[in-house]
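Welcome, and thanks for taking a look. Please have the sequence and the structure open side by side as you read.

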Amino acid sequence: MSTIQEVKEARAEGWMALPGVTGVGIGLCDGEECLRVFLARPSPEAEDAIPERVEGYRVELEVTGSVRPRTSPDASS
């Protein structure tokens, strides 16, 4: 069986190409390691394309809103 990190690396690029997906990470879901897929908004395309489990690991979708990079206070210097 693959590690959760290997599964994330294998799936992240494809999931990130789906509408509304802003990130893929590893977290805990009810005490078990899981993959977390972050969405800018609810996305039926992502919900249809991303299974509830991959290689034995649970996958959770989480609507977080848009993600933007932070600007450093020193960015102007």
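Here is a short tour of the helix, the sheet, the core and one tyrosine.

This is a predicted model, where local features need pLDDT of at least 70, side-chain atom pairs count only at pLDDT 80 or more, and totals for chains, interfaces and linings use all residues. Residues are numbered from 1 along each chain as its sequence is written, and side-chain values use heavy atoms, with hydrogens and water left out. Helices (H or I, at least four residues) and strands (E, at least two) are DSSP runs, numbered from the N terminus.

**Helix 1**

- Helix 1 covers residues 4-16, and its 13 residues reach 17 Å from first C-alpha to last, close to the 18 Å expected at 1.5 Å a residue (the expected span is 1.5 Å times one less than the number of residues).
- At Ala10, helix 1 bends by about 35 degrees, taken as the angle between axes fitted to the seven residues ending there and the seven starting there.
- Its buried residues are Ile4, Val7, Ala12 and Trp15 (buried means under 20% relative accessible area, exposed over 50%, partly exposed in between, with a 1.4 Å probe and protein chains only).
- Those buried residues pack against strand 1 (21-29), strand 2 (32-39), strand 3 (53-54) and strand 4 (57-63), with contact meaning heavy atoms within 4.5 Å.

- Four strands make an open sheet in the order 1-2-4-3, with mixed pairing (two strands pair if DSSP finds at least two bridges between them).
- Strand 1 and strand 3 stand at the edges with a single partner strand each, so one side of each has no neighbour in the sheet.
- Eight bridges join strand 1 and strand 2 in the antiparallel sense, and Gly23 stands opposite Phe38 in strand 2.

**The core**

- The largest nonpolar core has 15 residues, and those with the most contacts inside it are Trp15, Val37, Ile50 and Val59 (such a core is a set of buried Ala, Val, Leu, Ile, Met, Phe, Trp, Tyr and Cys residues joined through side-chain atoms within 4.5 Å).
- Helix 1, strand 1, strand 2 and strand 4 are the elements that give two or more residues to this core, and helix 1 provides the largest share, four residues.
- Not counting residues up to four places away in sequence, Ile50 touches Trp15, Leu18, Val37, Val59 and Leu61.

**Tyr57**

- Tyr57 lies in strand 4 and is buried, with a relative accessible area of 12%.
- Not counting residues up to four places away in sequence, Tyr57 touches Met1, Ser2, Thr3, Ile4, Val7, Glu33 and Glu52.
- The C-alpha atoms of Tyr57 and Ser2 are separated by 9.8 Å, although the two are 55 residues apart along the chain.
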